[in-house]
Structure formats: structure tokens, C-alpha cells
Amino acid sequence: MPERNVCIIGGGMSQWGVREASILDMAQEAAKECFDEVPALKKEDIDGLLFASSYCGRSAFQVNIAPVIAERLGIKPTSMCTRVDTLCAGGSAGIILATGLIKAGLADVVMVGGGEKLYTPQRWETYYSELASIDHDWDGAQGMGLPPPFFSMTAQEHMKHYGTTKEQLAAVSVKNRRNGSNNLKGHFHKEVTLEEVMSARPIVPPLSLFDCTPITDGCAAVLLTYEEKAKELTDRPLVYVRGAAQASLHSMSMNWPGEHLGDWAHLRAAAKRAYETARVGPDDIDVAETHDCFTISEIVEMEDLGFCKKGEGGPFVESGQNDFGGKIPVNTDGGLLSCGHPFGATGIRQAREMLYQLQGRAIRQVEGAEIGLTHNLSGLNVEHTMLIYGREP
Amino acid sequence: MGFENFGTVSFTTEAKTAEFINYLESGKVMATRCKQCGTTYFPPKADCPSCLSSEVEWFEVGGKGELRSYTKVNYGPTGFEADAPYTLALGEFDGVQILARLSRDIEEKDIKVGMSLTVSPLKLPNGRLAYEFKKG
């Protein structure tokens, strides 16, 4: 069978935030929005389900969650029904795997869902599970675990090597909270001012409250199929998965692959391959969703994704080059800083935003967007995952 | 014995590098070197990830290292609440990098990137074992 082109045809999100709902309830909400987007699709058309979740084994006390989700969604997969765990990039990894299955003809219509219910059974569970999200034997034993201390080191090193300022970090938060303010599915809907970000309570200096993504419950889902089937199912413009990559060059703080913590060699490795597989370069990208788990992350990402020169991420974001009207609008739906970050769901939320952007129906639309990029980092920055979507295959 | 008494909160109890703990008890922080290809590892590895040989030898991380980066943990993960605040640091030693806490003997105003460090075993108040950086 010849290789098939793969399209994303629908996307949905549950309400994100602090929810009094189970992971199954939220998966159902996300899938419902997805089904509503493609009225011509019958549930029986879906032959595959990938569900990305990392903490469900502990926080929902449910492993092998994919069949449980399938039954809740009323679908009966026959090609693939499995869980994906790449922590913060699980959703994107699921989309890459689904693309491969559909391209190869092993699956035809796949739903990729993902999400987390983090505030159960008790609030402290999340802070315990965090120890399993890093190298737990050695980094964890020292009391590394919650992300802010590690990313504060990243920020300090970037400031030291390139002169990045706290105001530049804050600019990312102001932009993303503004972008997310009318995205009602996200966690936060309130804008913040530069002064509010600068004077917020410190978490780990130089990072303060609005430099950090919150802990959020939520699910998201997208539908993927091959080009011919997509044409049958939707009248909307087709959005293709053009390229992808996932790079892992180390697994713990002691074996960092870059020259210092503000130098992300593993992101450059992922970007190189993703651009090659999509046959585009950074200058071709019209809109991007990048992993702003902390404000410093988006700054480094602008550099190592090739949107600006290494070390110039600070001035780049301060002058609005990552905003509407700038070189590349980034995190147009609010990103992690505004929407929150239920790990397995984040890459799917980003894919949904790309679908809307490339079909011209986003809440905050980038005029004429034709090629979009999504990016996630995982854990204590040990892996980078990218997808590139386009109006052409 | 294995790793059951290692770190503030223990995770792995059994591993092929359990000798690390015996050395730690005798006052030494050790790493491994592959006899086949010469690659050095911290944390120690019983089998070489580089050339796959199982012929490895232990060596002490003696001498002085350099503070590469550090961060203060104000709020610890579950199990570490009573330890916080503490300072975690990355140290660069001959052939290996190590993440460890900075000794509480070092005052915050004296912490500088590039400062000289040594790594040594630490007996925690509850009798558990770890290692930490001291001023070198």
C-alpha cells in the first residue's frame, strides 16, 4: 500500500482548571467536542484510540486506561487501543504514532486523547508523583522533583550567559495571559500586567508566581485520518501532519547535553529533524505553540527553534516578535501559562489550536496562517517533541 | 545491603551498583570507569552504556570540583517538606558531573558559580545516607 497523507480533522477540549470531575468524565467532554466538530463521522468509523496520560496510574489509580476510556466514549477500536506516556509531550507523541499507523495503513481513523486528573486522591499526591517524573533514583533522592528549582537554574544561566532580564521573562507571561483571556476552555481568563508579574510572590527566584504554569485538571482529543477519508468527512480546509520529531539526548540533570542549562542541544536536534521531515525551515512557520511551562522556556525555545539567534530570545520576546504583528505569533491560545498543563493533554490542545489556526477559525486568528508548529519538552527537560502541520501535505 | 537507606526518601532498593552504598558508609563517594572503553560514569553503572562491557571498576570522586549551577528549593516534594529550604547544585568533577545538596555550612552569600567544591558522604539526622558538596 502506498504511503498515505494524514490529516487532523477535529479537535476538542474539556473544561480545564481545578475540576470536580474524574479523568473519564473529562475525556468524555473532550471527545464530545471532537465528535461535534465532524458531524459526518460515525463512532463506528473510529478504529483506533491512543490516550496520553502519565499520572493516571497513581492519581486516577488506573493503568491500561485506554480500554476504559474507549468504553466511556462509546467507541470500539479494532486497530489500536493503547496508552502513551511521554509525560508533558504524551499528546504530541500520540499524534506522531497515530500518523505513522495511518500512513502505513495499519489504522484508518484514530482518536488521540490525553489528560490528567491531578488533584486526587489528595493534593500531596501530585508532589509525590513529581518525584517519579524525573530520574528518581539519583535526582529524586536529593530532593530535586518539583520543576521550579530546575527551571530557575535555567533562567539564571540564561541571564548570566546572555544578559536576559526578569522583565523579559515577565513579557512572556503578559502576552500568554492576554492570549488566553478569551479562551474560556483554559484554566485562567484574567490578564496580568507587567507590574503584577514583576511584583508577584517569588517561587524560586528569578521565577515568581506568573512565571510558572499552574497544576491543572483537563483532557483534550483530536481526530486523525488519511486524506481521502478526511475529504469524505469534512468540508473544512484540510490540515496535514507534515513532519515530526522527538529527541532525547540524556535523562538526568547530571548529563545535560548542552554547554549550559540555557543551551538546549536536544531541542535543536528535534527541530532539525522536524523541519527536514516537513521540508520547511523556521522562516516558513506562520504560527507556533511552544512549551511555556515557565516563561524562560519560551525564550530559549525562540532561539533553539531558530526563530531568532542564540542568546537573543530575551530582546526577541520583549519587542513582541513572538506576538501578533511580530515575526512569529506564539501560544496564540494562551499556552501552558494561561491554559494550564494536564501533561498528556497539552500536545493535543496545541494540535487543536493549530487545526483552528490553519482553518482560519481560531479565537485569536493569525491571518493567512498556512504552516504551524507545536513543541513540548518533557520532565526536567530531558526530551523535545515537535509536530509541523500545514495546509499542504 | 542495597539502596534501601539511601536519600531522604528511598526509591530503588536493589541495584547492581549496591557497592556504592558500602563505599558511602566507609566515607567515599565513588563512580565507575569502564575497563574496556574508559568511559566514566556518575551515577555508577555496572554495565557500560557506551560499549556494553560489564568490566567496570570503581574510583573515588576525590579532589576538587567546580560549582556549575545551583538553585534553592523553598518547597520540597512530598517527603522532603521538613528538609526545605535546601540548595541543590550541579558540580563538575574530573570526568563526572554530580547533583547534590550544598552543605548547610556554606552561607548563602558565599555561594558563587565557579567556586571550588568537594563531595563527601552525609549521614542524615534520621540515619539515612546521602552525599553533599562542601567548600573545597
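Me: How do you know what share of the 136 residues of chain B count as buried?

Reply: In this predicted model, a residue is called buried if 20 or more other C-beta atoms lie within 10 Å of its own, and 32% of the 136 residues of chain B count as buried.

Me: What makes chain B as compact as a globular protein of its length?

Reply: The secondary structure of chain B comes to one helix and eight strands, which follow the pattern α-β-β-β-β-β-β-β-β when read along the sequence. Its radius of gyration is 15 Å, close to the 14 Å that the globule rule gives for 136 residues, and therefore chain B is as compact as a globular protein of that length. Along the principal axes, the C-alpha atoms of chain B fill a box of roughly 45 × 30 × 25 Å.

Me: Which strands of chain B each supply at least two residues of the side that touches chain A?

Reply: The contact takes 29 residues from chain B and 27 residues from chain A, where a pair counts as in contact if the C-beta atoms lie within 7 Å. On the side of chain B, strand S4 (65–73), strand S5 (86–93) and strand S6 (96–102) each supply at least two residues, and the residues of that side divide into 16 nonpolar, ten polar and three charged.

Me: What makes up the side of domain 1 of chain A that touches domain 2 of chain A?

Reply: The C-alpha centres of the two domains of chain A lie 23 Å apart, and 35 residues of domain 1 are in contact with 32 residues of domain 2. Strand S1 (6–13), helix H4 (90–104), strand S4 (109–116) and strand S7 (218–226) of chain A each supply at least two residues of the side of domain 1 that touches domain 2, with the largest share, seven residues, coming from H4(A). By class, that side of domain 1 of chain A has 18 nonpolar, 14 polar and three charged residues.

Technical notes. Residues numbered from 1 in each chain as written. Chains lettered and ligands numbered in written order. Predicted model: local features only at pLDDT ≥ 70, side-chain atom pairs only at ≥ 80, totals over all residues. Contact = placed C-beta atoms within 7 Å. Helix = DSSP H or I, 4+ residues; strand = E, 2+ residues; numbered from the N terminus. Nonpolar A, V, L, I, M, F, W, Y, C, P; charged D, E, K, R; others polar. Domains from an automatic or database assignment. Rg over C-alpha atoms; globule rule 2.2 N^0.38 Å. Buried ≥ 20, exposed ≤ 12 C-beta atoms within 10 Å, placed from the backbone.
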